[in-house]
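Trainee: Could you walk me through this one before I set anything up?
Mentor: Gladly, have a look at it and then ask whatever comes to mind.
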Amino acid sequence: MGGAERSARKKKQAARAVTQARTTGGGSDRTKIIAGVAVVAVLAVAVIGYVVFQSTRSSGPQPGAAIPLAPADHVISAPAVRDGGTVLVGKDTATVTVDVYEDFLCPICGTFEKTYGTDIKKAVEDGKVKVRYHVLPMLNRLSKPEGYSTDSANAALCVADDGKFNAFHAALFATQPEEGEAGYTKDQLIKLGKEVGVTSATFESCVQNQNYKAQLDELMSKTSNDPALRDAETGRFRGTPSVASGGKLVDLDNKNWLNDLTS
């Protein structure tokens, strides 16, 4: 009998061990399933996040796409005349001249245009100021392929020869290429020029051959070495955007800088 009891106890112990193994194994499976679901959920969130990120990226240029025109009420309706490597916009009667130094690829220049463009437009059209635009080939190396800053600045001067600078200028900042990405091609710039009303027979060759590259390079060198445009701390050209009037840099931290110049 003693042996039978021992045998019965062993069977019960074995049965309990199997039950525990099944329970433990089942728990392990459940854990694995839960972990797997969690991983899938994380991946799904990552995919959704990527899609949302892509959809909310800057609406910059697509390869070969036409450059959208800026709304008409964003375009200065005042004479624009090329003067060497710069463009002077405004009425002859204006007594204050503001020099704006910018690059069509510069993202902060785009912000500057969005922030102060309307105020500048009104001041120019009211005859209070003239604006001399120095569109610099400063950020050539920051486009892929390199050279967009020169291509766009040169095209702007070519457009200015036909008196259509204002609309061209507004369009390039309204839908601006991203720094570090592809800029507009020469063909796209030519198409935009025609869209804003350029009819000159020499316009296309002016853009394709970079007729004003030498003047722009000279302008860049002159600007970089102008003592009036140097940062007080670094001693170097402050960069784009910069604004000057009367031979002195304007403090853009002062949001009322334009009113202060015209009052």
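This is a predicted model: local features need pLDDT of at least 70, side-chain atom pairs count only at pLDDT 80 or more; totals for chains, interfaces and linings use all residues.
Trainee: How many disulfides does a search of the whole structure find?
Mentor: The search finds one disulfide, and it is formed by cysteine 158 and cysteine 206, whose sulfur atoms are 2.1 Å apart.
Trainee: Which helices do those two cysteines lie in?
Mentor: Cysteine 158 belongs to helix α3, which covers residues 148-160, while cysteine 206 belongs to helix α6, residues 203-208, so the pair ties together parts that are 48 residues apart in sequence.
Trainee: And is that disulfide left-handed or right-handed?
Mentor: The torsion about the S-S bond of cysteine 158 and cysteine 206 comes out at about -80 degrees, and therefore the disulfide is left-handed.
Trainee: Are cysteine 158 and cysteine 206 buried or exposed?
Mentor: Both cysteine 158 and cysteine 206 are buried.
Trainee: What about cysteine 106 and cysteine 109, buried or exposed?
Mentor: Cysteine 106 has a relative accessibility of 4% and therefore counts as buried, the cut-off being under 20%, and cysteine 109 is buried as well, with a relative accessible area of 1%.
Trainee: Switching to strands, how many residues of β4 are buried?
Mentor: Strand β4 spans residues 129-135, and seven of its seven residues are buried, so that the strand is mostly covered.
Trainee: Which way do the residues of β4 point?
Mentor: Val129, Val131, Tyr133 and Val135 point one way from β4, whereas Lys130, Arg132 and His134 point the other way, and all of them are buried. In a regular strand, side chains alternate between the two faces of the sheet.
Trainee: Which strands are joined to β4, and do they run parallel or antiparallel?
Mentor: Strand β2, residues 86-89, runs antiparallel to β4 and is joined to it by three bridges, with valine 89 standing opposite valine 131. Strand β3, residues 96-102, runs parallel to β4 with seven bridges, and there aspartate 99 stands opposite arginine 132.
Trainee: What unit do β3 and β4 make with helix α2?
Mentor: Together with helix α2, residues 107-125, they make a right-handed β-α-β unit.
Trainee: Last one, where does glutamate 195 lie?
Mentor: Glutamate 195 lies in helix α5, residues 186-195, and is partly exposed, with a relative accessible area of 48%. From C-alpha to C-alpha, glutamate 195 is 7.9 Å from leucine 69, although the two are 126 residues apart in sequence.

Notes
Residues are numbered from 1 along each chain as its sequence is written. Side-chain values use heavy atoms; hydrogens and water are left out. A disulfide is a pair of cysteine sulfur atoms within 2.5 Å. Helices (H or I, at least four residues) and strands (E, at least two) are DSSP runs, numbered from the N terminus. Buried means under 20% relative accessible area, exposed over 50%, partly exposed in between (1.4 Å probe, protein chains only). Two strands pair if DSSP finds at least two bridges between them. A crossover is right-handed if, with the strands pointing away from the viewer, the path from the first strand over the helix to the second runs clockwise.
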